Amino acid sequence: MTTNDELTEHTPVTAPKKSNWGSKLFFVTLIAILIFFWWLLIFSGGVTGDHG
Amino acid sequence: MHSIWRLLLPVVMVAVIGFGSGLFPSTTMAAGGTAEQHSAAINSDGVEHESIAASLPAPKLKRSDYPNIGTSSRAIVWVVAQMHLFFGALVLAVPIFVLVIELIGFKTNDDRYDDMAHEFMKISLTAYAITALFGGTLALSLFLLYPQFMSYMMQAFGSQVLVYAVLFFLESILLYIYYYGWNALRYGNRKWVHLTLGLLLNAVGTTLLVVANSWSTFMMAPSGIDPATGAITGSIWEIMKGPLWNPLNLHRFIANIAFGGAVVGAYAAFKFLAARTAAEKAHYDWMGYTSNFIAILAFLPLPFAGYWLMAEVYAYSQQMGILAMGGILAWLFVIQAVLICTILLAGNYYLWTGMARTEGGERYRWLTKYIAVVLVLGFLVWITPHNVIYTTSEIARLGGGNHPVLGPLGIMPAKNIAVFLMLIVTFLSFQLYRRADKVITVAWQDWGNALMITIYVVAIANVIFAGIYYGYFTNTVYKVGSSVIQVMSTVVVIVSGVVIDTLMFKGAKTLPVFWGKVTDRSQYALFALPIAFTWLMALMGYIRSSVRTHWHVYAVMEDKSPDNFIPPLATVGNMVTGITLLFLVFVLFIFWIANLSGTKQVPPAREGDSTLAEGAQ
């Protein structure tokens, strides 16, 4: 006779995988935004300084 | 009045047709460019070509090119533009620190942060509609009152203004989803989606800011044009990426955060004073503290961004720089000193009174009087003018045009010393406040404190020595260079202070903080901050715009309107003060609206209720 406790002890339990797509979405967006602002503000794009 | 509509109609039609057809390069002619320009834009076959139209010279205007509406066009645009800038600054800045607060709340699992961030957004949302209304009014005013200038600007920026319009739509959509989706997207991955929306909202808002900045900086230091004629020769990137663009971008970005922090701080103070329960007082005290923290933290690096902007202004045009800081506009910098010192005094005072929230604050109370002495002395040096208009007998008594003792305090080296020392001691107030509720336990705390004190002493000595030696005993080239040493000394204090404290706070015992246990008096410091910030923005914004003198677009398109002169300082003072008061009235309206949304009327008692109540007794 196997008790419930023994079953619990021996049956491998796999914890439900915690989904973390939200944090990935956030950080990918953050990186994309940083690249965008680098392109907009810092990357010269061939434009040379013009002091009039 | 009838003539206004006759003028307005073609302008609006031109704008609509221009937007619709994407033919902004040719709107100069449509809006009534000169005959020479028009003929130059038509080739031998009589066909207009966009490429030729795009290289039209800047229009040379006459007084009759400006509609006369019976009052000063400049005054109208001045008021509306400044109001739009105030609200724009508030609306763009608040979501930046709201996102950070929301993230802190999420990571620490503390709902107080989340609720506070949501409440901050409520203020921003109410202000958003007003921003758009002033923006629309500004656009109409400019097209109506300065049609030629606007058509030249449209020629220069072309379809970029459509990008601005699209961004504005995106900003509205994201703002509403971000605010109204707050509780629907509160936990787990949904919270990350909400934070991502906040990121996108800030990215769009900041892009709006930098796009609009490019219009202002083009007017001050045009690029991508032929300097001789003003004809557009460069691409949109060459036009946008002028020498002042990024300095202004940085300066406005930081200043907006400081301004936004100050305004929401006033909201918290307003709610604190009106609070009935201890829990409410604790909540709004904490909110006020956070707002002050944001405002002063953003304010500390602001002078450095200001130095960069002015250095680039000087590099672009010495004449422009000297007019701002050595000519008639220099007097306004004395008023600027009064306002900045008000901000520093109010910010410091709030921190000192806030130390009463914890028992640990007593340990540092003795230092506050020395910080106050530095702040007051710095204030007095900063407001000392260099040249004062004297009578002949006064000059004779003084023995010259400058006071023998106070004269040297009127020039920049003395003011630089004062400013940097004030910033250093303000950071000291911050550091003391942060330490007030902690008992440091690390073994090396004596060495850490000794290192921190040494850094303060060396930095203060550096600021004073560089200011006096390079400022008074070398030539002008070194005078300007000395400020770099002073900036670096101040930055070293701030950065090392943060790093040393972070390491020392490891394992520190935290003393209880009694939120709500502050004086009502301290809340008035929170009211002083946005008033001074608003006044300061109006004043410095005027200076930045006024350095163009009689040019719409500096050295390219001349202003021939009746207002093409620098107004008397008294007029400037009245205008700037009037606009500040107007903004504050609107802010009170926003606070009232924000309060109104949380107010519920008690349902009226029905007839049967009283009978039932009597029956129950």
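A crossing of two helices is left-handed if the near helix is turned anticlockwise from the far one by less than a right angle, and right-handed if clockwise. The model to which this is applied here is predicted: local features need pLDDT of at least 70, side-chain atom pairs count only at pLDDT 80 or more, and totals for chains, interfaces and linings use all residues. Residues are numbered from 1 along each chain as its sequence is written, while chains are lettered from A and ligands numbered from 1 in the order in which they are written.

In chain B, helix α11 (residues 245–274) passes α12 in a left-handed crossing. Helices here are DSSP runs (H or I, at least four residues), as are strands (E, at least two), numbered from the N terminus. The axes of α11(B) and α12(B), the latter spanning residues 278–299, lie 7 Å apart at an angle of about 160°. Such axes are lines fitted to C-alpha atoms, for helices over the stretch in contact, with angles from 0 to 180 degrees between N-to-C directions. Two residues are in contact if their C-beta atoms, placed from the backbone, lie within 7 Å. By class, the α11(B)–α12(B) contact has 14 nonpolar, five polar and three charged residues. Ala, Val, Leu, Ile, Met, Phe, Trp, Tyr, Cys and Pro count as nonpolar, Asp, Glu, Lys and Arg as charged, and the others, Gly among them, as polar.

Further along chain B, helix α19 (residues 445–472) has 28 residues and reaches 40 Å from its first C-alpha to its last, close to the 40 Å expected at 1.5 Å a residue. The expected span is 1.5 Å times one less than the number of residues. Among the buried residues of α19(B) are B:Val463 and B:Tyr470. A residue is buried if 20 or more other C-beta atoms lie within 10 Å of its own, exposed if 12 or fewer, and partly exposed in between. The buried residues of α19(B) pack against α18 (412–436) and α20 (476–504) of chain B.

Chain A has two helices and zero strands, and 2% of its 52 residues count as buried. In the segment after α2 (21–42) of chain A lies A:Gly45, which counts as exposed because it has 11 C-beta neighbours inside 10 Å.

Between the chains, 26 residues of chain B are in contact with 18 residues of chain A. The elements of chain B that give two or more residues to this side are α9 (188–220), α10 (236–240), α11 and α13 (302–316). The largest share, 11 residues, comes from α9(B). This side of chain B has 15 nonpolar, eight polar and three charged residues.

Two loops of chain B hold non-glycine residues with positive phi. B:Asn109, with phi of about 60°, sits between α5 (73–108) and α6 (111–145), and counts as exposed because it has 8 C-beta neighbours inside 10 Å. B:Ala555, with phi of about 65°, is in the loop between β3 (551–553) and β4 (557–558). With 15 other C-beta atoms within 10 Å, B:Ala555 is partly exposed.
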